[in-house]
Amino acid sequence: MIQYPKLLSQGIPAHNTAENDYICSMDKLMSLHEALLSRHSVRKYRPEPIAGEILEKLRIAVEQVNAESGLHIQLVTNEPKAFSGPMAYGKFSGVSTYLVVACPKSEESDLLVGYYGEKLVLYAQQLGLNSCWAGVSYRKIKGTYTLSSEERIACYIALGYGLTPGVQHKGKSLEDISNADSSTPQWFNDGVKAALLAPTAVNQQKFYIEYKGGPDGKLPKVSIRVNGLSLVGYTRLDLGIAKLHFEIGAGTGNFVWD
C-alpha cells in the first residue's frame, strides 16, 4: 500500500538533511529542499505518460492536499488539448497531464492555492517530474473537471517529463524582498533565499518578508505580505508559494508567522 509522505504537510528545516530525507513506498525521494533547488518551470514535455506507481502517488497526494486545504484540485491525465491551441501561449508542448486547481470563490483562497499547489509541484519534483504553473495559458476542456456553484478555477499546473529540466531565471536580491542582513538569523536569511526561488507570475516577486524578532524565551515573529502593485495580478497566489518556500528554507521550528 502506497503511503502518502507525511512530511509534505510540514515545513522542513533545510538545516537538518537527516530530517529532510524520507521514504515513500520504499523509494527514497529527494528532500523538499533539494526539490526546491532543482525545480524550474518547464513548458516542453516528452510524450512519455505519467503512469503506474508515480501516477498513483500523485492521486493520493492530491486527495490529501484537498482534505487538508479545502481546495478542489483535480488531476487530469491523457488529455492533450488544454495546453494546445491559441489560448495556450507560452510555447507549451507535449502536456497531457495537469492539475486543475479549483478553489472557493473568495480572495482568501488564492493564498491557499499558491501554498498547497506548490506542495504538489515540489512533490512532483521529488517523484522525478517537471511542472509549470499556468495562470491563463490553457483551455478549459469540457468534461475534464467538475465545479460547484461556489467554486472557480484559479489556475492549471502542467506536469510531465520535461525535455529539459528548465533553468533558473534572474530575480530580485535579498534586500529587495526582505530586511535580511548580517544582523538577522541565518535561518531567516536561508528562508528568504528559498523564497527567492519561488515561481511567481512573470517572475514579478511582489512580496516582502520581514524579520520582527520577539521577546526572550519565545520564537521570533516573521511576516510576509504583498509588496507593490502588479499589472498581471496573481500576487496573493504568488505569496502562498513564497510562504511555503520560506518555511522549507527557514524551518518552521525557528519562528512563528505574524
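Visitor: What covers the buried residues of H6?
Guide: In this predicted model, helix H6 is mostly covered, with eight of its eleven residues buried. Among those buried are Trp-187, Phe-188 and Leu-196. The cover over the buried residues of H6 includes helix H2 (32-38), helix H5 (174-177), strand S7 (207-213), strand S8 (221-226) and H7.

Visitor: Which residues of H7 meet H6?
Guide: H7 spans residues 235-250, and H6 spans residues 186-196. From H6, the contact takes in Trp-187, Phe-188, Asp-190, Gly-191, Val-192, Ala-194 and Ala-195. By class, the contact of H6 with H7 has eight nonpolar, three polar and one charged residues. On the H7 side, the residues are Ala-242, His-245, Phe-246, Gly-249 and Ala-250.

Visitor: What is the order of the strands in the open sheet?
Guide: The open sheet has four strands with antiparallel pairing. Its edge strands, each pairing on one side only, are S3 (72-76) and S5 (130-134). Neighbouring strands of this sheet are turned by 20° against each other on average, direction ignored. The order is S3-S4-S6-S5.

Visitor: How many bridges join S4 to S6?
Guide: S4 covers residues 97-104 and pairs with S3 over five bridges, in the antiparallel sense. With S6 (residues 151-160), S4 again runs antiparallel. In that pairing, Pro-104 stands opposite Glu-151 in S6. The bridges joining S4 to S6 number eight.

Visitor: Which residue in S4 stands opposite His-72?
Guide: S3 and S4 pair in the antiparallel sense. Ile-73 stands opposite Val-101 in S4. For His-72, the residue opposite is Ala-102.

Visitor: How many residues of S4 are buried?
Guide: S4 has pairings with both S3 and S6. The strand is mostly covered. Of its eight residues, the number buried is seven.

Terms used
Residues are numbered from 1 along each chain as its sequence is written. This is a predicted model: local features need pLDDT of at least 70, side-chain atom pairs count only at pLDDT 80 or more; totals for chains, interfaces and linings use all residues. Side-chain values use heavy atoms; hydrogens and water are left out. Two strands pair if DSSP finds at least two bridges between them. Helices (H or I, at least four residues) and strands (E, at least two) are DSSP runs, numbered from the N terminus. Axes are lines fitted to C-alpha atoms, for helices over the stretch in contact, and angles run from 0 to 180 degrees between N-to-C directions. Contact means heavy atoms within 4.5 Å. Ala, Val, Leu, Ile, Met, Phe, Trp, Tyr, Cys and Pro count as nonpolar, Asp, Glu, Lys and Arg as charged, and the others, Gly among them, as polar. Buried means under 20% relative accessible area, exposed over 50%, partly exposed in between (1.4 Å probe, protein chains only).
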